[in-house]
Amino acid sequence: MFYWSLAMEYIKNYAKTKLTYRADFWVELLSDLLFQGINLIFILIVFQHTPSLGGWSEAEVIFVYGYFMVPAGLFGAFFNIWNFSERYIVKGEMDRVLTRPAYNLYQVLLENLDPPSLFGSLVGLIIMVISWGDLGLAFNLMDVLMMAVFTVGSVLIYAGLFTSLTAISFYSDAPTGILPLMYNISNYGRYPVNIYNKIIRFLLTWLLPFAFVGVIPASYFLDKDHEGLSSLALLTPVVGAVVLAIGLTIWNHGVKRYRGAGS
Amino acid sequence: MTSAYLDLIRIRFLMMLAYRVNYYSGIVIYTINIGAYYFLWEAIYGEQKLLAGFTLAQMTTYVAVSWMARAFYFNNLDREIANEIRDGSVAIQFIRPYNYLFVKLMQGFGEGLFRLLLFMGPGLAIVCLIFPVKLPTDPGVWGIYVVMLLFSFLINTQINMLVGLFAFFVENNEGMLRMKRVVVDLFSGVIVPISFFPGWLAVTMKWLPFQAITYLPSSVFTGRTSGDEVWQVFGIQLIWFFVLIIPIAWVWRQARTRLFVQGG
């Protein structure tokens with residue numbers, strides 16, 4: 001309850017700051033969508049020149065992409081701490097956070113909310129619904145439930161991975177550039193994994209499970225089973241829980257090492 | 001006066017050198033991006049030999065050289081200019097005995113030089129080892145490519161300046177800066193070569209400066225554009241370079257009369 005009211009207060013605060021620069025807010029929203037949409041445009045352009053991508057049809061690839069946008073948007077809204085090292089470690093703002101009676105990661109996340117990112121999720125859902133029709137898939141209520149479960153699982157995977165990577169700044173204050181690196185690797189997951197070679201495929205499924213944030217859970221809904229991917233889909237929440245647990249462990253261990261900045 | 005500008009290049013180059021570790025990971029990131037697109041294009045081609053005038057080998061080279069060219073010409077001058085306008089430090093720049101925009105250009109050039117030597121150069125070498133990239137054998141192609149690359153940098157910098165200067169008019173142009181980045185990446189042809197675009201869009205692109213940043217030079221590099229056509233596309237770059245000076249000069253004149261410093 002306390003954590004809920006805290007979240008509400010932070011959201012109110014966010015709205016107040018954003019309303020100051022209203023016009024810019026909309027441009028930012030649009031540019032966010034465009035940034036997400038650039039890969040979609042890529043898919044659309046490419047399929048004008050080819051009927052299938054590694055055995056996947058255009059509607060299927062777009063469906064996978066739509067799915068990917070849903071967890072990605074949620075993740076972007078609640079996890080926007082790309083400048084954590086600079087702001088909280090180098091400038092020492094973590095001091096302030098640690099003296100307050102709420103879980104530190106929760107506070108840090110709330111201070112950096114980015115709700116416009118949720119529009120991406122909405123667009124993703126719309127894309128899924130449209131390609132659902134295009135693919136002529138049967139619909140039942142169970143799908144909605146599975147969608148929710150998969151989305152939570154995928155968001156947890158993202159959150160866990162990036163929490164552990166952000167926590168690196170507790171151990172080393174030198175900029176490592178590993179976050180943008182991971183972000184780029186995550187792009188691999190939104191396309192059918194069978195187009196990559198075996199090593200990348202294994203990496204994306206089991207080591208950095210970005211395939212569970214896109215193609216694997218999405219293929220559960222498709223009729224055609226591409227190389228057994230849809231049977232893996234049910235593992236999504238499990239993988240999510242495992243990755244998040246690892247992330248939080250690294251984070252909590254890291255916070256103990258935090259020493260504060262000089263000034 | 002010239003020596004002052006040359007010093008600006010030197011200082012920015014040394015500044016970048018101090019932070020060179022950031023750029024080692026940059027090389028890995030670009031290689032990953034190139035890898036993703038390499039596998040995608042391989043799957044897209046499948047059995048097909050030729051798409052939109054590109055063979056798969058040409059496409060691999062195109063992707064590699066385009067991303068690595070981006071490693072060179074990319075800079076954050078737009079954000080730098082916008083920040084200096086927003087925090088008011090641009091006021092100090094006005095009273096100094098040099099041209100602010102030239103200073104920014106020189107700083108950008110210093111950064112570009114660094115990126116060319118420590119980012120694009122080694123990056124391209126690594127990418128050539130990993131992926132089947134075919135470099136041109138004709139020294140003439142290399143020569144014209146280097147010149148065109150310089151103009152890629154100039155035109156990209158001009159666009160950055162133009163967008164950055166808009167901070168004079170709209171207080172907070174963060175969203176606009178991000179939008180510009182996406183638009184430039186898409187329309188310059190880094191993501192997809194312009195010849196793949198649907199007809200109407202490809203025609204529109206012919207009338208916009210973005211193609212001069214990546215698409216035209218990379219097409220020359222891959223050998224897709226050759227012979228007299230090379231001079232033609234180089235001409236397009238030259239024209240855009242001169243045309244873009246006009247709006248920048250105009251915005252700059254307008255801007256100086258309406259500078260107000262927020263907060264100070």
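Modeller: In this predicted model, helices α7(B) and α12(B) make a left-handed crossing. A crossing is left-handed if the near helix is turned anticlockwise from the far one by less than a right angle, and right-handed if clockwise. Helices (H or I, at least four residues) and strands (E, at least two) are DSSP runs, numbered from the N terminus. Residues are numbered from 1 along each chain as its sequence is written, while chains are lettered from A and ligands numbered from 1 in the order in which they are written. Local features need pLDDT of at least 70, side-chain atom pairs count only at pLDDT 80 or more, and totals for chains, interfaces and linings use all residues, while side-chain values use heavy atoms, with hydrogens and water left out.

Helix α7 spans residues 139–165 of chain B and helix α12 spans residues 228–257 of chain B; their axes come within 10 Å and cross at roughly 25 degrees. α7(B) is therefore roughly parallel to α12(B). Axes are lines fitted to C-alpha atoms, for helices over the stretch in contact, and angles run from 0 to 180 degrees between N-to-C directions. Angles under 35 degrees count as roughly parallel, over 145 as roughly antiparallel, 65 to 115 as roughly perpendicular and the rest as oblique. The contact of α7(B) with α12(B) comprises 23 nonpolar residues, three polar and no charged. Here Ala, Val, Leu, Ile, Met, Phe, Trp, Tyr, Cys and Pro count as nonpolar, Asp, Glu, Lys and Arg as charged, and the others, Gly among them, as polar. Contact itself means heavy atoms within 4.5 Å.

Helix α12(B) also packs with helix α11 of chain B (residues 215–222), where the axes come within 10 Å and cross at roughly 160 degrees. α11(B) is therefore roughly antiparallel to α12(B). The crossing of α11(B) with α12(B) is left-handed. From α11(B), B:L216, B:P217 and B:V220 meet B:V230, B:V233, B:I236 and B:Q237 of α12(B). Six of the residues in this contact are nonpolar, one is polar and none is charged.

Another pair in chain B is formed by helix α1 (residues 2–18) and helix α6 (residues 100–130), which pack at an angle of about 45 degrees with their axes 8 Å apart. α1(B) is therefore oblique to α6(B). This crossing of α1(B) and α6(B) is right-handed. Among the residues in contact are B:Y5, B:R12 and B:F13 of α1(B), and B:M106, B:E111 and B:F114 of α6(B). By class, the contact of α1(B) with α6(B) has 14 nonpolar, two polar and two charged residues.

The nonpolar cores come next. A nonpolar core is a set of buried Ala, Val, Leu, Ile, Met, Phe, Trp, Tyr and Cys residues joined through side-chain atoms within 4.5 Å. Buried means under 20% relative accessible area, exposed over 50%, and partly exposed in between (1.4 Å probe, protein chains only). The largest core has 161 residues, and A:F42, A:M94 and B:W41 have the most contacts inside it. Helix α2 of chain B (residues 21–45) supplies the largest share of this core, 15 residues. Apart from neighbours within four places in sequence, B:W41 touches residues of both chains, including A:F42, A:V46, B:M59 and B:F196. A second, separate core of six residues includes A:L6, A:Y10, A:A102 and A:L113.

Chain A has a helix whose buried residues are covered in part by chain B. In helix α10(A) (residues 178–186), the buried residues are A:L179, A:L181, A:M182, A:N184, A:I185 and A:S186. Their cover includes α8 and α11 of chain A together with α2 of chain B. Within helix α8 of chain A (residues 141–166) is A:S154, a buried residue with a relative accessible area of 0%. Beyond four places in sequence, A:S154 is in contact with A:Y67, A:P71, A:F212, A:V213, A:P217 and A:T236. A:T205 belongs to helix α11 of chain A (residues 198–207) and is buried, at 9% relative accessibility.
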